[in-house]
Amino acid sequence: MRQAVVNKPAIEGGTPARAEKIYYGHQYIDDADIQAVVDVLRSEALTCGPKIKELEDKLCRITGAKYAVVCSNGTAALHMAALAAGVGEGDEVITTPITFAASANCALYCGARPVFVDIDPETYNIDPEKVEAAITERTKAVVAVDYTGQSVALDPLKKICEKHGLTLIEDGAHVIGTKYKGKANGSIADMTTFSFHPVKTVTGGEGGAVLTNDEALYRKLLLYRTHGITRDADLMEHEPEGAWYYEQVDLGYNYRITDIQAALIISQLDKLQMFSERRKEIVARYNEAFGKLPMLFVQKEIPESDTTRHLYILRIIPEKLRIDRRQFFDALAAENVCCNVHYIPTYYFPYYEKLGYRRGLCPNAEKLYEEMISLPLYYAMTDEDVESVIEAVTKIAVYYGK
Ligand SMILES: *Cc1c(COP(=O)(O)O)cnc(C)c1O
């Protein structure tokens with residue numbers, strides 16, 4: 001019966017769903033982006049110039065946040081946010097294991113210990129109840145990731161953080177373009193970080209930002225971005241000795257971004273609405289197609305989040321298939337649909353094992369890891385691309401379905 005109604009997967013000798021390879025993510029650069037970069041190259045300032053403030057103002061306008069500090073990348077943004085939150089030696093920072101390693105590494109940079117808390121099995125975001133249960137007298141901050149671009153449960157997390165005197169850092173590397181209860185993510189948590197890596201929705205090649213409504217945090221972030229150096233006489237310990245004078249008042253870094261990158265991000269942000277709409281269309285089409293297949297689970301969407309998706313997670317239900325995730329992944333590759341897996345639980349990495357973390361910590365996250373594949377999702381995908389991905393997934397799911 002089954003063989004009568006479906007094509008053979010390419011891995012079994014059938015014809016691939018696509019003639020050319022498609023990858024899980026790709027940037028979209030137009031002529032306006034190129035011109036914006038060229039304009040900076042022809043200008044006076046390649047760094048520390050006017051594009052920095054212009055980008056910060058634009059991020060504030062888009063998100064409604066009072067302050068933005070742009071920086072070299074999303075990892076630097078997380079490090080600065082952790083420092084500004086006062087995270088230090090012996091502290092604990094709660095985060096999810098289903099994220100890029102930077103969400104936990106930022107705690108290690110500060111001498112603190114990441115504490116991994118399990119995800120909700122259906123939304124895949126950190127579970128606020130489990131966050132509260134993991135709080136100790138050493139907990140200083142929560143790094144909550146908007147995994148795939150769907151907002152974390154910000155209101156419950158804020159309440160918990162306020163009750164226990166913790167700083168809520170939202171790792172918003174995936175979230176630009178999303179709204180939580182009608183407000184753009186970036187204006188809600190104590191600090192929200194963005195990344196402008198090329199696979200993210202908006203890119204500068206590299207780039208990052210921290211957004212906050214808190215002036216004291218903002219002042220600290222500015223210092224951490226440039227070596228802890230200030231030219232503001234109010235922050236100095238000594239009388240300025242002349243117009244050249246500056247002081248290093250804290251230990252900071254060079255986490256600056258160039259004007260070249262800032263100009264590219266500004267130009268990309270002009271297309272955010274367009275990027276967001278197209279990503280929503282593709283996600284809706286995937287959800288519609290995969291919702292019909294009983295061997296697949298579609299990520300739950302919470303009504304509070306109006307989501308611009310950065311990642312699309314295909315999740316298999318192993319009990320209903322004769323193949324596992326690895327075989328499904330390889331079968332997609334044979335169809336020329338080149339996927340990825342986001343993410344390997346952070347504490348699986350040898351570096352974390354050496355720090356004493358063991359498998360079994362977060363069962364929901366570990367189960368998700370065994371069952372997930374990131375499908376192609378990016379602005380420039382054509383309708384044909386989308387349909388060919390759906391064809392490949394459907395062919396494999398039905399052929400190997402129980
Ligand atoms: C990409 C990403 C980061 C790091 O951003 P970079 O700009 O690559 O340093 C941090 N957290 C998450 C969840 C990410 O996806």
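A word on the basis. This is a predicted model, in which local features need pLDDT of at least 70, side-chain atom pairs count only at pLDDT 80 or more, and totals for chains, interfaces and linings use all residues. Residues are numbered from 1 along each chain as its sequence is written, and side-chain values use heavy atoms, with hydrogens and water left out.

I start with the ligand. Which residues come nearest to it? Of the 16 residues around the ligand, they are Gly 74, Thr 75, Asp 171, Ser 195 and Lys 200; a residue is near a molecule if one of its heavy atoms lies within 4 Å of it. The side chain of Thr 75 has an N or O atom 2.5 Å from a ligand oxygen. For Gly 74 a backbone N or O atom is involved, 2.7 Å from an oxygen atom of the ligand. Asp 171 places a side-chain N or O atom 2.7 Å from a ligand nitrogen. On its own the ligand has 380 Å² of accessible area, and the protein covers 93% of that (Shrake-Rupley method, 1.4 Å probe).

Two elements give two or more residues to the shell around the ligand: α4 (74-84) and α5 (102-109). Helices here are DSSP runs of H or I with at least four residues, strands are runs of E with at least two, and both are numbered from the N terminus. The most comes from α4, with three residues. By class, the shell has six nonpolar, eight polar and two charged residues. Ala, Val, Leu, Ile, Met, Phe, Trp, Tyr, Cys and Pro count as nonpolar, Asp, Glu, Lys and Arg as charged, and the others, Gly among them, as polar.

Next, helix α8, residues 215-225. Its buried residues are Leu 217, Tyr 218, Leu 221, Leu 223, Tyr 224 and Arg 225, where buried means under 20% relative accessible area (1.4 Å probe, protein chains only). They pack against several elements, including α4, β1 (67-71) and β9 (208-212). After α8 comes His 227, with a positive phi near 60°.

Strand β9 holds Leu 211. Why does Leu 211 count as buried? Because its relative accessibility is 0%. Its contacts (heavy atoms within 4.5 Å), leaving aside neighbours within four places in sequence, include Leu 59, Tyr 67, Met 191 and Phe 194. Between the C-alpha atoms of Leu 211 and Thr 75 there are 14 Å, and along the chain 136 residues.

Now the cores. A nonpolar core is a set of buried Ala, Val, Leu, Ile, Met, Phe, Trp, Tyr and Cys residues joined through side-chain atoms within 4.5 Å. The largest has 34 residues, and Tyr 286, Phe 290 and Leu 314 are among those with the most contacts inside it. Its largest share, eight residues, comes from α14. A second, separate core of 29 residues includes Val 69, Ala 76, Val 210 and Leu 221.

Last, Thr 346, in the loop between α11 and α12 (350-354). Thr 346 is buried, at 0% relative accessible area. Beyond four places in sequence, its contacts include Thr 96, Pro 97, Phe 116 and Tyr 352.

Notes
Buried means under 20% relative accessible area, exposed over 50%, partly exposed in between (1.4 Å probe, protein chains only). A polar contact is a pair of N or O atoms within 3.5 Å; within protein, one must be able to donate a hydrogen and the other to accept it, and residues adjacent in sequence count only if both atoms are side-chain atoms.
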